[in-house]
Amino acid sequence: MKRAVFPGTFDPITLGHVDIIKRALPLFDELIIAIGVNADKKTMFSLEERIQFIKNTFGDNSKIKVKSYTGLTANFCKNEKAQFIVRGLRNSIDFAYEQSIAQANAKVNGVDSIFLICSPEFSHISSSIVRDIARHGGDYQDLIP
């Protein structure tokens, strides 16, 4: 079974995340959307809300599992018997950031990273931007599923 993990905080899930997930699905038998929990990171939405947002978006798709985890993503992958990490890239800055992490994960943990370039219509969307718009009372509905 080809199993991949798509990790993130998904605070909240955006149309950019949805784009990557939909495009990753044909590549794997199972895709675990893994919500990383970091006690040092302040989130706008609770873990339960973020899980529900994802479940609402993907319904009962049997290829998608939603789980949360703490600690290293590569350790989570090993525990879940996932051979791949899926990462969405919006631009060269994302690539520069993700490249060394991917190389370390492959060398130390044997988990390969698969980079998917986001579709152009979603390259401007990030959870940070959505949260900023929400904090200031703006309408962010066109950026989320």
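Helices (H or I, at least four residues) and strands (E, at least two) are taken here as DSSP runs, numbered from the N terminus. The structure is a predicted model, so to speak of local features a pLDDT of at least 70 is needed, side-chain atom pairs count only at pLDDT 80 or more, and totals for chains, interfaces and linings use all residues. Residues are numbered from 1 along each chain as its sequence is written, and side-chain values use heavy atoms, with hydrogens and water left out.

Start with the charged pairs. A search of the whole structure turns up six salt bridges, a salt bridge being a side-chain nitrogen of Lys or Arg within 4 Å of a carboxyl oxygen of Asp or Glu. One of them joins Arg 131 to Asp 11, with an N to O distance of 3.8 Å. Arg 131 sits in helix H5 (residues 127-135), while Asp 11 belongs to the loop between strand S1 (3-8) and helix H1 (15-24), so this contact ties together parts that are 120 residues apart in sequence. Both ends are tucked away, where buried means under 20% relative accessible area, exposed over 50%, and partly exposed in between (1.4 Å probe, protein chains only). Arg 131 comes out buried at 13%, and Asp 11 is buried at 2%.

Most residues other than glycine have a negative phi, and most peptide bonds are trans. Phe 10, however, has a positive phi, near 50°.

Asp 19 is buried at 8% relative accessibility, whereas Arg 23 is partly exposed at 33%.

Further along, Glu 98 pairs with Arg 87 in a salt bridge whose closest N and O atoms are 2.8 Å apart. This one links distant parts of the chain, Glu 98 being in helix H4 (residues 92-109) and Arg 87 in strand S4 (residues 84-89), eleven residues apart. Glu 98 counts as buried, at 8% relative accessibility.

Lys 81, in the loop between helix H3 (73-80) and S4, is not a glycine, yet has a positive phi of about 60°. Lys 81 is exposed, with a relative accessible area of 64%.
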